[in-house]
Amino acid sequence: MKICVFGQRPYDEQAVFSELAGKYPVELVSTALQPSPETLSLAEGCDGVSIVSVPMPGAYIRKLHDMGVKMISTRTIGYDHVDLHTAKELGIHVSNASYSPYCVAEYTLMLMLMTLRNMKRIIQRADIHDFSLEGTLGRNLSNCTVGIIGPGKIGQAVMKLLTGFGCEILFYGRSGVACPSGQQVSLNELLERSDVISLHVPLTDSNHHMLDREAFGKMKDGAVLINTARGGLIDTEALIEALESGKLGGAGLDVLEQEGGLYHFDKKNTQIAHRHMSILKDMPNVVFSPHMAFYAREAVGDMAECSIRSILLELEGKENPWHII
């Protein structure tokens, strides 16, 4: 079976894929280039392609289909960057990947602590030898009520880690989920009671902008918001208004709306036309990172192997645990 691996990073993924090529019955065509009208031809003669979190619009999928590609596997948990409608229409299978939930869960906890303790401002001041205390007073996580939106694998891992801090834990999600670490409540109750709110749900049409102006209005004054899931879950304009007005006390953001094509690339010499990013990065109470919560040694290997295995399983007609369509 022949697979084209787009966006293979030479500094971490290359060695992993080289090992996988010897482990599985596959021929890999690997490139550091991302899918584009100019590079899609690299997948000519391939049965499947492996991509990362770059946009895969319908036009790209149609071109892959015309070349005989039968499957697209994204080396990410999220798959909202793939045009599923076109893929389904053309009969192209799509899968995602999985990895230990503790990669993102531990990063989430780090963002909670950094945001609550004003670490962005403390580090900025320390860099210029300003060791004063004024304006850097923090809060204890142990005294907070933490609300988890989405009690899936990552959400449950976050709750498990939080139990060591002794804080009250609430969660909102589909009924019947067993989470002994927390108390299940409605979304409104979670918004009203939580000092810290953390998002752990996939982005779908139904939950796009689930945190909007109305939702921010229900939150406690001074609440902290953490997002290591997907940027589109939050109405970014409403988030900025809530931070500017003081309604929110801070935010830890690893993801952002319209981040595609920006994050994970060197843009230091590029004029970035992303007004929301510029505003949020300048706020002293916003801890900002470019979609890094997944990025641990263990996760990189898991994601690459999931991608290869899912293509093999799907195209061999076997049960594929990462199947999307």
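Q: How do you know that the values can be read residue by residue, and what limits apply?
A: This is a predicted model, in which local features need pLDDT of at least 70 and side-chain atom pairs count only at pLDDT 80 or more, while totals for chains, interfaces and linings use all residues. Residues are numbered from 1 along each chain as its sequence is written, and side-chain values use heavy atoms, with hydrogens and water left out.

Q: What is T76 in contact with, leaving aside its neighbours within four places in sequence?
A: Contact means heavy atoms within 4.5 Å, and with those neighbours left aside T76 is in contact with V52, S53, H81, N96, A97 and M303.

Q: What makes H264 partly exposed?
A: The relative accessible area of H264 is 37%, and so H264 is partly exposed. H264 sits in the loop between β11 (248-253) and α10 (275-282), and its phi is positive, at about 80°, although it is not a glycine.

Q: Why are the buried residues of α1 placed on the same side?
A: In helix α1 (residues 13-23), the residues E13, F17 and L20 are buried. They cover an arc of only 60° around the axis, which puts them on the same side of α1; the arc is that of the directions from the helix axis to the C-beta atoms. The face turned away from that buried side carries the exposed residues A15, S18, E19 and G22, whereas the buried residues of α1 pack against β1 (2-5), β2 (27-30), β3 and α11.

Q: How do you know on which side of α2 its buried residues lie?
A: Helix α2 (residues 58-66) has G58, Y60, I61 and L64 as its buried residues. Because they cover an arc of only 160° around the axis, they are on the same side of α2. On the other side of α2, A59 and D66 are exposed, while the buried residues of α2 pack against β3 (48-51), β4 (71-74) and α3 (84-90). Just after α2, G68 takes a positive phi of about 95°.

Q: What makes a set of residues a nonpolar core, and which members of the largest one touch the most others?
A: A nonpolar core is a set of buried Ala, Val, Leu, Ile, Met, Phe, Trp, Tyr and Cys residues joined through side-chain atoms within 4.5 Å. The largest has 35 residues, of which M112, V146, I148, L162 and V196 touch the most other members. To this core α4 (102-116), β6 (145-149), α6 (153-162), β7 (168-172), β10 (223-227) and α11 (297-315) each supply at least two residues, and α4 gives the most, with eight residues. A second, separate core of 33 residues includes M210, A215, A223 and L233.

Q: What makes a space a cavity, and how many of 30 Å³ or more are counted?
A: On a 1 Å grid over the protein atoms alone, a cavity is a set of points where a 1.4 Å probe fits but cannot get out, and a pocket is an open set with protein on both sides within 12 Å along at least five of seven lines; lining residues have an atom within 4 Å of a point. Grid points are joined across faces, edges and corners, and a volume is the space filled by probe spheres set on the points. By this rule one cavity of 30 Å³ or more is counted, and the largest cavity has a volume of about 40 Å³. N227, G231, I234, T236, L239, L253, V255 and L256 line the largest cavity.

Methods:
Buried < 20%, exposed > 50% of the residue type's maximum accessible area, 1.4 Å probe, protein only. Helix = DSSP H or I, 4+ residues; strand = E, 2+ residues; numbered from the N terminus.
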